[in-house]
Amino acid sequence: CLIVYPWTQRYFSSFGNLYNAEAIKSNPNIAAHGIRVLHGLDRAVKNMDNIKATYAELSVLHSEKLHVDPDNFRV
C-alpha cells in the first residue's frame, strides 16, 4: 500500500524511514502493522455474520482519531 499508494505514508509518520521501497519493505514497524492487519482480516472471516459490529471500534479509530480517508478502505 505504501509503495503503490505513497500518499498513505502520511498515516505512518511515526514508523520511521519510509523514503523508498526498500526502506518500507525492511521497516519492522510496517511489518508489525501488516501482521495486525492480517489478524483483523482473520477476525472478519470469523465474524462474517456481523462484520459491521466487529469493525465498529476499529472504524471509529481510523476515521475519528487517525483521520484516515475512507477511500483507502474500499472493497
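Buried means under 20% relative accessible area, exposed means over 50%, and partly exposed lies in between (1.4 Å probe, protein chains only). This is a predicted model: local features need pLDDT of at least 70, side-chain atom pairs count only at pLDDT 80 or more, and totals for chains, interfaces and linings use all residues. Residues are numbered from 1 along each chain as its sequence is written, and side-chain values use heavy atoms, with hydrogens and water left out.

**Exercise 1. The overall fold**

Solution. 
- Step 1. Start with the rule: helices (H or I, at least four residues) and strands (E, at least two) are DSSP runs, numbered from the N terminus.
- Step 2. Place the helices. Helix 1 covers 21–25, helix 2 covers residues 28–46, and helix 3 covers 51–65.
- Step 3. Along the principal axes, the C-alpha atoms fill a box of roughly 40 × 25 × 20 Å.

**Exercise 2. Surface and contacts**

Task: Find what share of the 75 residues is buried, and describe the accessible surface.

Solution. 
- Step 1. Of the 75 residues, 19% are buried.
- Step 2. The accessible surface comes to about 6100 Å². Areas come from the Shrake-Rupley method with a 1.4 Å probe; for residues, only the protein chains shown count as cover.
- Step 3. Carbon and sulfur atoms hold 60% of that surface.
- Step 4. Turn to contacts, meaning heavy atoms within 4.5 Å. Take those between residues at least 6 apart in sequence: 21% join residues at least 24 apart.

**Exercise 3. A nonpolar patch**

Task: Name the residues that make the nonpolar surface patch, and check I3 against the accessibility rule.

Solution. 
- Step 1. Recall the patch rule. Members have over 30% relative accessible area and no salt bridge; nonpolar side chains (Val, Leu, Ile, Met, Phe, Trp, Tyr) are joined within 5 Å, and like charges within 9 Å.
- Step 2. I3, V4, Y5 and W7 make a patch of about 440 Å².
- Step 3. Locate I3. This residue lies in the segment before helix 1.
- Step 4. Check I3. Its relative accessible area is 44%, so I3 is partly exposed.

**Exercise 4. Salt bridges**

Task: Count the salt bridges, then describe each pair.

Solution. 
- Step 1. Use the cut-off: a side-chain nitrogen of Lys or Arg within 4 Å of a carboxyl oxygen of Asp or Glu.
- Step 2. The count is two salt bridges.
- Step 3. Take K25 and E22. Their closest N and O atoms are 3.9 Å apart. Both residues lie in helix 1, three residues apart, about one turn of the helix.
- Step 4. Judge the exposure of this pair. K25 is exposed at 60%, and E22 is exposed at 51%.
- Step 5. Take K46 and D42. Their N to O distance is 3.0 Å. They are four residues apart in helix 2, so about one helical turn separates them.
- Step 6. K46 is exposed at 62%, whereas D42 is partly exposed at 35%.

**Exercise 5. Around helix 3**

Solution. 
- Step 1. T54 is in helix 3. Not counting residues up to four places away in sequence, T54 touches R43 and N47.
- Step 2. H62 also lies in helix 3. Leaving aside neighbours within four places in sequence, H62 is in contact with H67, V68 and F73.
- Step 3. L66 is in the segment after helix 3. L66 and Y11 are 55 residues apart in sequence, yet their C-alpha atoms are 7.4 Å apart in space. With neighbours within four places left aside, L66 contacts Y11 and L61.
- Step 4. H67 is found in the segment after helix 3. H67 has a positive phi of about 55 degrees although it is not a glycine. Most residues other than glycine have a negative phi.
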